[in-house]
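Here are my notes on this model, point by point. Please read them with the coordinates open.

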Amino acid sequence: MTAPMTNELGWMLDEVLKVPEARHAILLSADGMLRAHSADIGRDDAERLAAGLSGVQSISRGTAEFCGSPDTPWRQTLIEFAHGYVFLVAAGEGTHLAVSTTGDVDMEAVTYRMHKMVDRLGKELASPARRDTGSPA
């Protein structure tokens, strides 16, 4: 069984949201587990979105050859909606940071703040792949 999420890094995600028109932020593992969320989004919604965004990241990674080489590392995905954006960036080994915004956001300011946070936290953000913890058969 995994330990319950304590949201210890939630305050850091609130820092990313100091860009005007930024809405929510979540930190997720590559396999869709929620690691942390900003104060303005509930845990249930954050968990559901983490699962969906891990799929978006996986699909994005799968299109690397479109940029010239299937070995090109994935770094960032931007999703645009009629009234906003979702920014999804690599945040450490097996960890991703997602921020949602309105359509009027300064996109450069959001990505700058996201990358600064990733640099600041460094290894704190790593989520190595989970190993099978079940008992041997």
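1. Aromatic pairs. Rings of Phe, Tyr and Trp (its six-membered ring) pair if their centres lie within 6.5 Å; planes under 30 degrees apart count as stacked, over 60 as edge-to-face and the rest as tilted. A search of the whole structure, which is a predicted model, gives 1 aromatic pair. The partners are Tyr 85 and Phe 87, in a tilted arrangement, with 6.1 Å centre to centre and 50° between the planes. Tyr 85 is buried at 12% relative accessible area, and Phe 87 is buried at 2%. Buried here means under 20% relative accessible area, exposed over 50%, partly exposed in between (1.4 Å probe, protein chains only).

2. Ground rules. The model is predicted, local features need pLDDT of at least 70, side-chain atom pairs count only at pLDDT 80 or more, and totals for chains, interfaces and linings use all residues. Residues are numbered from 1 along each chain as its sequence is written, and side-chain values use heavy atoms, with hydrogens and water left out.

3. Overall layout. The chain has 3 helices and 5 strands. Their order along the sequence is α-β-β-α-β-β-β-α. Helices (H or I, at least four residues) and strands (E, at least two) are DSSP runs, numbered from the N terminus. Of the 137 residues, 39% are buried. Among contacts between residues at least 6 apart in sequence, 51% join residues at least 24 apart. Contact means heavy atoms within 4.5 Å.

4. A nonpolar core is a set of buried Ala, Val, Leu, Ile, Met, Phe, Trp, Tyr and Cys residues joined through side-chain atoms within 4.5 Å. The largest has 22 residues, and those with the most contacts inside it are Leu 13, Leu 27, Leu 97, Val 99, Val 110, Met 114 and Met 117. At least two residues each come from α1 (10-16), β1, β4 (84-92), β5 and α3 (107-121). Helix α3 gives the most, with 5 residues. In soluble globular proteins, nonpolar side chains tend to be buried together.

5. Val 99 and the second core. Leaving aside neighbours within four places in sequence, Val 99 is in contact with Val 16, Leu 17, His 24, Ala 25, Tyr 85, Val 86, Phe 87, Val 110 and Met 114. A second, separate core has 11 residues, including Leu 53, Trp 74, Val 86 and Leu 88.

6. His 96. Apart from neighbours within four places in sequence, His 96 contacts Ile 26, Leu 27, Leu 28, Ser 29, Ala 30, Gln 57, Trp 74, Leu 88, Val 89, Ala 90 and Ala 91.

7. The second largest pocket. Its volume is about 190 Å³. The lining is His 24, Ala 25, Ile 26, Ile 41, Leu 49, Leu 53, Val 86, Ala 98, Val 99 and Ser 100. Elements giving two or more lining residues are β1 (22-29), α2 (43-61) and β5 (95-102). By class, the lining has 8 nonpolar, 2 polar and no charged residues. Ala, Val, Leu, Ile, Met, Phe, Trp, Tyr, Cys and Pro count as nonpolar, Asp, Glu, Lys and Arg as charged, and the others, Gly among them, as polar. On a 1 Å grid over the protein atoms alone, a pocket is an open set of points where a 1.4 Å probe fits, with protein on both sides within 12 Å along at least five of seven lines; lining residues have an atom within 4 Å of a point. Grid points are joined across faces, edges and corners, and a volume is the space filled by probe spheres set on the points.

8. Val 56. This residue of helix α2 is partly exposed at 24% relative accessibility. Not counting residues up to four places away in sequence, Val 56 touches Thr 77, Ile 79 and Leu 88. Gln 76. This residue lies in strand β3 and is partly exposed at 38% relative accessibility.

9. Backbone check. Please look at Glu 21, in the loop between α1 and β1. Its phi is near 80°, a positive value in a residue other than glycine. Most residues other than glycine have a negative phi. Glu 21 is partly exposed, at 37% relative accessible area.
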